[in-house]
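Morning, everyone. Please have a look at the screen.

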Amino acid sequence: MLAQNIHVEQSGCLAVATVVTPLLSLAEGQDIVAELQERIRYSNASLFLLDMTEVEFLDAAFLGMLVQFLQEVQAVRGRIVLANCQANVAFLFKVTRLDSIFTLCDSVEEAKDELQS
């Protein structure tokens, strides 16, 4: 299953997921999380880089799904890093204090370095 609102490239255990929708709500989030869960189950992915360049808004339902997905990732000793968050998306992570459990990076390259450290 490949969600229409995400493009995933995987190399080894690293999956780079580019989100290609401006709005991340419950419906879009379910597709994205399902695609990434399949990467854990069938492709041995454990490091996830979410490129959020095109995301202008995300709702609380998506944040909840992302936290649940993080628990699955941590169960396989993995990590999630977010890259290229627009100001309002980064602000939402800060105001909800989710920036303390998700690393936010300014670029994909910086996020890859963070995951490899």
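Start with strands E4 and E6: they run parallel, and five bridges join them. This is a predicted model, by the way, so keep that in mind throughout. Which residue in E6 is the bridge partner of Leu 47? Arg 79.

Now stay on E6. That strand covers residues 79–83, and four of its five residues are buried, so the rest of the structure largely encloses it. On to strand E7, residues 103–105. E6 and E7 also run parallel, joined by three bridges.

Let's zoom out to the whole sheet. The sheet is open, with five strands in the order E1-E2-E4-E6-E7 and mixed pairing. What sits at the edges? Strand E1, residues 6–11, and E7 are the edge strands, and each of them pairs on one side only. On average, neighbouring strands here are turned by 20° against each other, ignoring direction.

Next, what lies on the sheet? Helix H2 packs on it and touches E4 and E6. The direction of H2 makes about 135° with that of E6.

That brings in the helices. Two packed helices are described by the angle between their axes and the distance between the axes. For H1, residues 26–43, and H2, residues 60–75, the angle is about 10° and the axes are 9 Å apart. H1 and H2 are therefore roughly parallel to each other; the cut-off for that term is under 35 degrees.

Who makes the contact? From H1 we have Leu 26, Gly 29, Gln 30, Val 33, Leu 36, Gln 37, Ile 40 and Arg 41. From H2, they meet Ala 61, Phe 62, Met 65, Phe 69, Glu 72 and Val 73. Sorted by class, the H1 contact with H2 holds nine nonpolar residues, three polar and two charged.

How many aromatic pairs does the structure hold? Two. A pair of aromatic rings is described by the distance of the centres and the angle of the planes.

Take Phe 48 and Phe 69. Their ring centres are 5.1 Å apart and their planes sit at 75°, so this pair is edge-to-face. The pair links distant parts of the chain, with Phe 48 in strand E4, residues 47–51, and Phe 69 in helix H2, 21 residues apart. Buried or exposed? Phe 48 is buried, at 0% relative accessibility. Phe 69 is buried as well, with a relative accessible area of 0%.

The other pair is Phe 93 with Phe 102. These rings are edge-to-face too, at 5.9 Å centre to centre and 80° between the planes. Phe 93 counts as buried, at 0% relative accessibility. Phe 102 has 1% relative accessibility, so Phe 102 also counts as buried.

One last stop: Ser 46. Where is Ser 46 placed? In the loop between H1 and E4. At 14% relative accessibility, Ser 46 still counts as buried, because the cut-off is under 20%. What does Ser 46 touch, leaving aside its neighbours within four places in sequence? Cys 13, Val 73, Val 76, Gly 78 and Arg 79. Two of those names have come up before. Val 73 is among the H2 residues that meet H1, and Arg 79 is the bridge partner of Leu 47.

That's the tour. Happy to take questions.

Notes. Residues are numbered from 1 along each chain as its sequence is written. This is a predicted model: local features need pLDDT of at least 70, side-chain atom pairs count only at pLDDT 80 or more; totals for chains, interfaces and linings use all residues. Side-chain values use heavy atoms; hydrogens and water are left out. Axes are lines fitted to C-alpha atoms, for helices over the stretch in contact, and angles run from 0 to 180 degrees between N-to-C directions. Helices (H or I, at least four residues) and strands (E, at least two) are DSSP runs, numbered from the N terminus. Angles under 35 degrees count as roughly parallel, over 145 as roughly antiparallel, 65 to 115 as roughly perpendicular and the rest as oblique. Contact means heavy atoms within 4.5 Å. Ala, Val, Leu, Ile, Met, Phe, Trp, Tyr, Cys and Pro count as nonpolar, Asp, Glu, Lys and Arg as charged, and the others, Gly among them, as polar. Rings of Phe, Tyr and Trp (its six-membered ring) pair if their centres lie within 6.5 Å; planes under 30 degrees apart count as stacked, over 60 as edge-to-face and the rest as tilted. Buried means under 20% relative accessible area, exposed over 50%, partly exposed in between (1.4 Å probe, protein chains only). Two strands pair if DSSP finds at least two bridges between them.
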